[in-house]
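User: Can you walk me through the ligand site on this one?

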Amino acid sequence: MHQRKVALVTGGTRGIGKAIAHKLADQGCDLVINYLRNRTAARETAAELEAKGVRVHLVKTNVAETNKLKDMFSEIEQEFGRLDFFVSNAASGVLRPIMELEESHWDWTMNINSRAFLFCAQEAARVMAKNGGGKMVALSSLGAQFVIPNYTSVGVSKAALEAITRYLAIELAPQNIIVNAVSGGAVDTDALKHFPNREDILADAVGRTPAGRMVTPEDLANAVMFLLSDEASMIRGQTIIVDGGISILA
Ligand SMILES: NC(=O)c1ccc[n+]([C@@H]2O[C@H](COP(=O)([O-])OP(=O)(O)OC[C@H]3O[C@@H](n4cnc5c(N)ncnc54)[C@H](OP(=O)(O)O)[C@@H]3O)[C@@H](O)[C@H]2O)c1
């Protein structure tokens with residue numbers, strides 16, 4: 001039996017997922033890092049993580065392709081024989097005003113951000129249950145609960161993700177599987193480059209965040225690590241907001 005804990009981070013090669021992968025490596029977890037297209041970022045991140053002394057297995061899979069997910073989890077079982085942590089972090093989305101949204105935009109966004117979490121969680125739960133349980137954390141954003149310009153498709157997909165988190169937390173509790181989500185204010189990752197109003201978002205986050213600065217990938221990763229810790233084991237189905245206080249301003 002593989003001795004070290006094993007974590008899967010989807011979209012773990014860049015941005016917030018990468019920060020989470022680093023914190024897991026710092027705790028001595030072996031890692032399965034999933035990504036979609038950017039091989040260079042994947043190789044660089046894998047090398048950085050391996051330099052910390054952990055094993056890293058890269059999986060290039062579109063999490064929206066449900067029929068490919070079984071293969072990803074079979075690879076995990078073959079490589080490591082166990083899965084302790086699943087961080088559902090990969091996301092995408094079409095950023096348009098509501099009147100410009102098309103069916104394909106809706107499907108693309110929902111399939112990557114919501115549906116993938118449900119079907120990855122099913123597979124993850126099967127592997128985790130063989131080894132006495134595990135923990136899952138999904139990444140959400142403030143658009144799940146509040147209205148952000150151009151953000152309808154992503155906001156709705158994240159609202160679904162938060163609901164899926166609650167259902168999973170209850171249905172998987174008997175298998176000793178703990179499920180929560182971490183939501184965050186704007187973080188200056190590559191994702192923000194796709195926003196038509198990026199400069200306004202940055203100015204707003206810098207200017208209005210009560211904590212006095214923008215949220216960083218590490219801020220979100222710290223909350224994820226807490227939810228993956230034994231200290232958080234009685235927190236079930238919750239979404240913890242990490243936003244420096246901006247969302248509770250009137
Ligand atoms: N940035 C923010 O302001 C913010 C705030 C709160 C919450 N979040 C959430 O935090 C998470 C990470 O965001 P981020 O800003 O770090 O994103 P990012 O910089 O755009 O990175 C996205 C990562 O996900 C991967 N990915 C995208 N689509 C995928 C797919 N279909 N299948 C597999 N992998 C896929 C990408 O792989 P490639 O490199 O191959 O493309 C990349 O590794 C998301 O869930 C996001 O909603 C972000």
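This is a predicted model: local features need pLDDT of at least 70, side-chain atom pairs count only at pLDDT 80 or more; totals for chains, interfaces and linings use all residues.

User: Which residues come nearest to the ligand?

Analyst: Arg14, Arg37, Asn38, Val187 and Thr189, out of 29 residues around the ligand (a heavy atom within 4 Å).

User: What does the side chain of Arg14 do there?

Analyst: One of its N or O atoms is 2.7 Å from a ligand oxygen (a polar contact is a pair of N or O atoms within 3.5 Å).

User: And the backbone?

Analyst: A polar backbone atom of Arg37 is 2.5 Å from a ligand oxygen, and a backbone N or O atom of Asn89 lies 2.8 Å from one.

User: How much of the ligand does the protein cover?

Analyst: 93% of the 930 Å² of accessible area that the ligand has on its own (Shrake-Rupley, 1.4 Å probe).

User: Which element gives the most to the shell?

Analyst: Strand S5, with 3 residues (strands are DSSP E runs of at least two residues, helices H or I runs of at least four).

User: Switching topic: how do H1 and H2 cross?

Analyst: Their axes, lines fitted to C-alpha atoms over the stretch in contact, come within 10 Å and cross at roughly 20 degrees. That makes H1 roughly parallel to H2, since angles under 35 degrees count as such.

Methods. Residues are numbered from 1 along each chain as its sequence is written. Side-chain values use heavy atoms; hydrogens and water are left out. A polar contact is a pair of N or O atoms within 3.5 Å; within protein, one must be able to donate a hydrogen and the other to accept it, and residues adjacent in sequence count only if both atoms are side-chain atoms. Axes are lines fitted to C-alpha atoms, for helices over the stretch in contact, and angles run from 0 to 180 degrees between N-to-C directions. Angles under 35 degrees count as roughly parallel, over 145 as roughly antiparallel, 65 to 115 as roughly perpendicular and the rest as oblique.
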